[in-house]
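Hi there,

Here is the structure I promised to send over. Have a look at it first, and then read on for what turned up.

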Amino acid sequence: MKYICMLVDGSYPNDIRVRKEAEALVENGKKVLVVCPSKSNEPREEVINDVNVHRIGGNYSHSKKGIFDIIESVTNINPLFYFGLKKVFKKYDIEYLHVHDLPLAGTGYAFKSKVKHLLLDLHENFPEALKTWFAWKKNPIIKWKNAVFMNPKRWSRKEEKYCKRYDTIICVVEEMKKKLAENFSIDSQKMVVVSNHEKKEFALNFDHKVVQNSIDQHAFSITYVGGFGPHRGLDTAIEAMPSIIEKIPNAKLYLIGKGSHDVEEKLKYLIKKNRSEGCIELVGYRPFKEVSTIMQLSKLNIIPHKSNDHTNNTIPHKLFQIMMSKSLLLVSSCRPLKRIVDEYDAGLVFEADNPIDFSEKVIYAHQNLNDLSHKAENAFNAVMKQNENWDSESLKLVKLYNRLGD
């Protein structure tokens, strides 16, 4: 049996989407090889849950990635992956090349003649993401590099070019599929949606509470879990806290996760500016088992994403994780979040980028917490009893590869 080769510019198995896709395919009788960069102390080759992993290059540092990003932007080829793949093709019998995300599209396309079918898996609206990811950067050299080499217009042209050239495009949400069809006239027949759902078995994490000291169980805890960045809408939540405290004196906003130095400094500045040091805590990274307990114990879990062409065309894994926790959910009105929460009456929605509406929804949740418990139950049932889970969603990917093999 020949291999499905997945190409990813990130750590495996840490990339959740890639890991779930690879494991879903091997569970259904496919052979999968993941090619990714090598970091220090990682084996060059190993098998993880029946997925073959082949790591290329030396220690893949942040600075090395930055250099390869510049070369890739100019030439459409990432040298590390190009020469790494040449060796991989000599060693493995590869039938399908499954390229994860836009930056590696040019490199993957260089091997089109060597495979039966070429697939591009778009995790997000990458060109639009570039407009928001670097918004809080301070280093002038990095700002210049991003403006020149990570220019959204340049990458939008690449997106159109490779979406037209690849055989199949995998989109993360229906909104992304619609965007590609409308903006670039991409044939809808060559696109399939495979979203960032979570496995049903993830709910077992909530059956085993662990000791946590991150949130005060006597406070009205408003909790964000995930990466920090300009597009996450954490500034909206921070700016809302003074109004919330007026009505809910024991309210506390917990930001659990990490961001770059510039991003965390920006958040600290906003907290100080809003005089909210006493009611907001930057918790930092917490172990995954503890995070599930934190989600479950929090009075209100939030996903306050800004609404823009990036966030409106992707969806976070944590939405479905929170839905399994049976705790109340508050999301912004960015389209995929609002669509799912409204469809299942699975939580509350506030107007994105609007601190006033955010504070009003939090206050409403506090005043009606018991009466809103049905929303948390609806969220749980949407994942566990309907189709908003990876067990169902992954079948789309399996069926795609089954069709390709016919």
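**Charges on the surface and inside**

Asp391 is partly exposed, with a relative accessible area of 39% (buried means under 20%, exposed over 50%, partly exposed in between, with a 1.4 Å probe and protein chains only). Before going further: this is a predicted model, where local features need pLDDT of at least 70, side-chain atom pairs count only at pLDDT 80 or more, and totals for chains, interfaces and linings use all residues. Residues are numbered from 1 along each chain as its sequence is written, and side-chain values use heavy atoms, leaving out hydrogens and water.

Asp391 sits in helix α16 (residues 390-405); helices (H or I, at least four residues) and strands (E, at least two) are DSSP runs, numbered from the N terminus. Together with Glu27, Asp50 and Glu201, Asp391 makes up a negative patch on the surface. Patch members have over 30% relative accessible area and no salt bridge, with like charges joined within 9 Å.

There is a positive surface patch as well, built from Arg44, Lys86, Lys87, Lys90 and Lys114. Of these, Lys90 belongs to helix α3 (residues 79-91) and is exposed at 76% relative accessibility.

Now for the salt bridges (a side-chain nitrogen of Lys or Arg within 4 Å of a carboxyl oxygen of Asp or Glu). The structure has 24 of them. One joins Arg17 to Asp121, with the closest N and O atoms 3.0 Å apart. Arg17 is in helix α1 (residues 16-27) and Asp121 in strand β6 (residues 117-122), so this pair links parts of the chain 104 residues apart. Arg17 is buried at 4% relative accessibility, and Asp121 is buried at 0%.

Lys112 and Asp167 form another salt bridge (3.0 Å, N to O). Lys112 is in the loop between α4 (105-109) and β6, and Asp167 in the loop between α7 (152-165) and β7 (168-171), so the pair ties together parts 55 residues apart in sequence. Lys112 is partly exposed at 26%, as is Asp167 at 27%.

Finally, what surrounds Ile238? This residue of helix α9 (residues 234-247) is buried at 0% relative accessibility. Beyond its neighbours within four places in sequence, Ile238 is in contact (heavy atoms within 4.5 Å) with Leu253, Leu255, Leu267, Leu270, Ile271, Asn274, Ser276 and Ile280.

Best wishes

Definitions and conventions
Patches are made of residues with over 30% relative accessible area and no salt bridge: like charges are joined within 9 Å, nonpolar side chains (Val, Leu, Ile, Met, Phe, Trp, Tyr) within 5 Å. Accessible areas come from the Shrake-Rupley method with a 1.4 Å probe; for residues, only the protein chains shown count as cover. Lys and Arg count as positive and Asp and Glu as negative; His and the chain ends are not counted. The place of a charge is taken as NZ of Lys, CZ of Arg, CG of Asp or CD of Glu.
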